Amino acid sequence: MLYLSLIAGRLGKAVLVLLAILVFNFFLIHAAPGDPALVMAGEAGSTDAEFIADLRERFGLDQPLPVQLWHYISGVLTLDFGYSYRQQMPVLDLILDRLPATLLLTGAAFIISLSLGVLAGALAAMRAGKPSGSLIMGLALLFYATPLYWVAMMSVLLFSVWLEWLPAYGFSTVGANYTGLAHVGDVALHLILPALTLGLFFMAIYTRMTRTSMLSVAQQDFVRTARAKGVAPGVIQRRHILRNALLPIITLAGLQAGQMVGGAVLTETVFAWPGIGRLMYDALMQRDYNLLLGVFFFSALLVIVFNMITDVIYRLADPRIRGAA
Amino acid sequence: MKNPIASLGLGGLLLTLLSLSPGASGSSASSDGDGAQPHSGGEVNIAIQPEPPSLMLPLVQNNPVQLIGGNIFESLLRYSTDLEPMPQLAKSWEIGDDGLTYTFHLYDNVVWHDGEPFSAEDVVFSVGFMTEVEPQARETMSHVERIETPDANTVVFHLKQPYPAFIMAFEVGSMPMVPKHIYEGTDYHNNPANAHPIGTGPFEFERWDRGSVIVLSKNEDYYQEGLPYLDTLYWHVIPDAASRAAAYENGTLDVLPAGSVENFDLERLADLPGSCITNQGSEMFNPFAMLWLNNREGPMSDVRFRKAVMYALDRQFANDVLWNGLGRIPAGPFSSKLPEHDDSIEAYPHDPEQARALLDEMGYNGEQIRLLPLPYGETWARWSEAVRQNLEDAGINVTTEATDVAGWNQAISQWDYDIAFTYLYQYSDPSIGISRTYNSDNIARGSPWNNVEGYRNERVDELFAAAAVEADPEARQQLYSEVQQILHEEVPLAWLLEMPQPVIHGCDVHNLITTGIGISDGFKNAWIESGD
């Protein structure tokens with residue numbers, strides 16, 4: 001029940017934070033030069049004043065900024081996120097349409113990076129000082145330092161163009177019209193490269209953090225006590241050291257999870273993955289205000305939700321935190 | 001094509017392509033003309049970027065919509081790569097001796113994709129529709145006095161005065177036919193049919209997975225027997241240029257429309273086995289790169305400064321290095337592809353000495369000049385670096401102010417620049433694509449495509465106005481020659497390059513480009529060898 005009151009308190013704050021984010025973003029976006037009518041007229045290659053005035057009127061951009069803000073906020077309060085100027089569809093439909101692809105990608109990357117990262121970090125901690133431990137840390141440093149887009153392009157060249165093992169881009173094979181299991185397998189094949197690329201960086205961070213954290217916990221008195229009373233070394237590593245070393249990793253995992261909606265722009269672009277990140281980037285370039293604000297809203301929402309989940313998991317993992325709400 | 005995993009024979013496929021088209025590798029062989037017989041069936045995969053906002057070509061005419069829309073929609077005519085009118089929905093046409101009446105005879109067996117018959121009434125409705133929503137149509141159709149439909153398959157346009165460019169007005173991107181039975185009396189922009197566009201074209205809209213692919217399938221009831229050959233067109237949305245190149249390299253894509261890959265990748269991709277490149281198919285558009293020079297302000301208001309810019313530019317270098325030598329250096333304001341182009345005009349040579357002399361003469365004091373690049377990718381970024389260096393070599397003090405597309409549009413249309421990159425379509429007639437840049441009545445804040453340099457010359461205004469409605473070809477040429485000479489002498493802006501529009505495609509795709517708008521005309525005549 002403690003959790004419930006905690007969550008209720010957080011929810012109240014969350015609504016205020018979301019509202020503040022919306023208003024702030026609204027003015028931020030409108031401060032950028034240009035507007036969607038100009039961008040669209042520019043793309044059309046020929047234009048006259050009537051054409052642009054017509055666009056502005058249809059988008060409601062001819063009204064004063066505070067009026068536009070009021071329309072937007074009151075729309076959002078009734079879950080109406082408005083209309084994308086450019087894509088000519090309701091913002092909510094566009095976002096919900098793209099959300100599954102992004103969650104699949106970032107979720108897969110999350111699981112890969114967290115599980116492999118913690119595993120590699122634990123191994124490196126147990127083999128600290130040995131060549132195998134150094135090798136793991138060397139690889140982790142390499143992945144940590146290599147730019148994402150470079151890894152992405154190189155993996156496409158290697159696995160798609162030269163070896164022809166994996167598809168180069170996209171969500172599924174165009175024109176294949178697979179159904180059922182074949183479709184799942186097809187999507188899984190397309191998922192491998194982008195998920196690994198996206199996961200690599202975080203995997204490296206988890207590896208380094210798990211190792212450091214485990215090594216520092218291993219110095220503590222209760223570990224010495226466990227060893228002295230004859231607990232098996234494997235059990236000590238798992239139950240005494242790893243579990244106590246997990247708190248900073250949970251913090252980081254919470255941060256990574258919060259980025260699941262908006263954090264994959266680069267990967268989605270290189271691999272033509274039909275997700276939210278690309279939607280957001282295009283909306284920014286085209287000054288598609290409503291769509292951009294919509295994506296910001298959902299990104300912020302996810303960050304807040306995962307912060308709450310992280311808080312709860314803290315309390316599960318470490319009973320000492322329970323008192324301080 | 002298939003998933004590389006599913007078909008391990010991809011390498012074999014490329015070999016097959018190579019053996020089927022001997023000597024085609026890396027050559028500039030055009031896509032037809034090797035004598036092979038067309039056959040029906042097959043699919044073609046094409047890159048599309050950016051993702052179009054809609055496929056409703058009559059309402060949205062940006063580049064990706066035009067590329068795809070020409071398969072779904074049609075106009076009365078098509079135009080050859082020599083800019084000659086060809087039949088499309090009109091099987092024949094006559095122009096009255098006085099240049100005032102244009103009579104079109106339509107095919108009588110045309111149906112819309114929903115099965116309703118197409119008729120002359122649709123033509124009249126479409127002219128009204130386009131005049132309402134599109135500026136260029138507003139301009140060309142302003143010459144029309146009235147339209148008559150003597151029978152269901154005949155349309156007669158009566159003009160107010162002769163307007164020779166009128167016969168060029170029926171290209172699908174400018175005057176697509178819109179179904180009257182669907183749009184009449186509705187709010188055009190909110191008509192539900194926009195999401196599933198209905199045209200008369202050789203391909204029908206089938207599916208659009210946002211962010212991934214747009215699928216068009218063969219129109220089985222097409223009015224021209226045996227056409228189209230292909231069953232399916234897949235338009236792949238791939239946002240990254242390097243990824244598009246990789247997708248072409250591994251055989252997933254068959255066609256890379258102009259601008260799909262960075263110029264520095266062109267040669268490599270064209271040299272792949274079984275890969276062809278063609279520079280045809282942009283004759284109707286005539287893209288023309290220029291530097292806006294803000295004539296209102298500072299040194300740019302002095303003609304000597306503007307001439308110095310022309311002398312300072314090393315345009316040959318830009319063409320050779322940045323555009324693979326495929327473009328052409330313009331002598332003056334008219335593209336050499338236009339019949340009205342005056343051959344007697346000589347291009348300003350690259351002569352930094354001359355530029356410096358002119359700057360000394362005018363007493364240029366080293367005032368800082370802002371250069372605004374075009375935010376369209378690597379080629380343009382590098383071009384602006386080259387131009388900056390050219391100008392600095394001539395002693396002009398330049399600072400680059402880069403921005404994104406929206407910021408660029410804003411700066412140009414609010415005249416907030418000194419020198420700015422742009423490119424414009426000159427189209428097929430000076431009265432459509434060129435006069436808009438120099439006419440003083442076309443100076444109006446708020447648009448990036450009118451006379452944004454602020455040039456004013458009454459004589460130029462008169463000449464353009466007279467030439468547009470001059471029926472006699474010789475008199476018309478005289479007017480256009482004079483205007484070119486004046487502009488060449490006064491340099492309202494700097495003419496950079498007649499831009500190439502190279503298309504890369506598998507040599508197994510034939511008849512890809514058959515008209516002056518290239519891929520935008522659709523895949524009506526295209527066919528693919530059954531290599532797989």
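Predicted model: local features only at pLDDT ≥ 70, side-chain atom pairs only at ≥ 80, totals over all residues.
Domain bounds here come from an automatic or database domain assignment.

View 1. Residues are numbered from 1 along each chain as its sequence is written, while chains are lettered from A and ligands numbered from 1 in the order in which they are written. Chain B splits into domain 1 (10–53 + 66–72 + 201–281 + 502–528), domain 2 (77–183) and domain 3 (287–498).

**View 2. Domain 2 of chain B meets domain 3 of chain B.** The centres of these two domains, taken over C-alpha atoms, are 34 Å apart. Domain 2 of chain B brings 11 residues to the contact and domain 3 of chain B brings seven; two residues are in contact if their C-beta atoms, placed from the backbone, lie within 7 Å.

**View 3. Where chain B touches chain A.** Each chain is represented here: 49 residues come from chain A and 49 residues from chain B. On the chain B side, elements giving two or more residues include β1 (43–48) and α12 (405–413). With six residues, α12(B) gives the most to that side. Helices (H or I, at least four residues) and strands (E, at least two) are DSSP runs, numbered from the N terminus.

View 4. Residues 12–32 of chain A are 95% helix and 0% strand, with end C-alpha atoms 31 Å apart. Residues 135–163 of chain A are 90% helix and 0% strand, and their end C-alpha atoms lie 26 Å apart.
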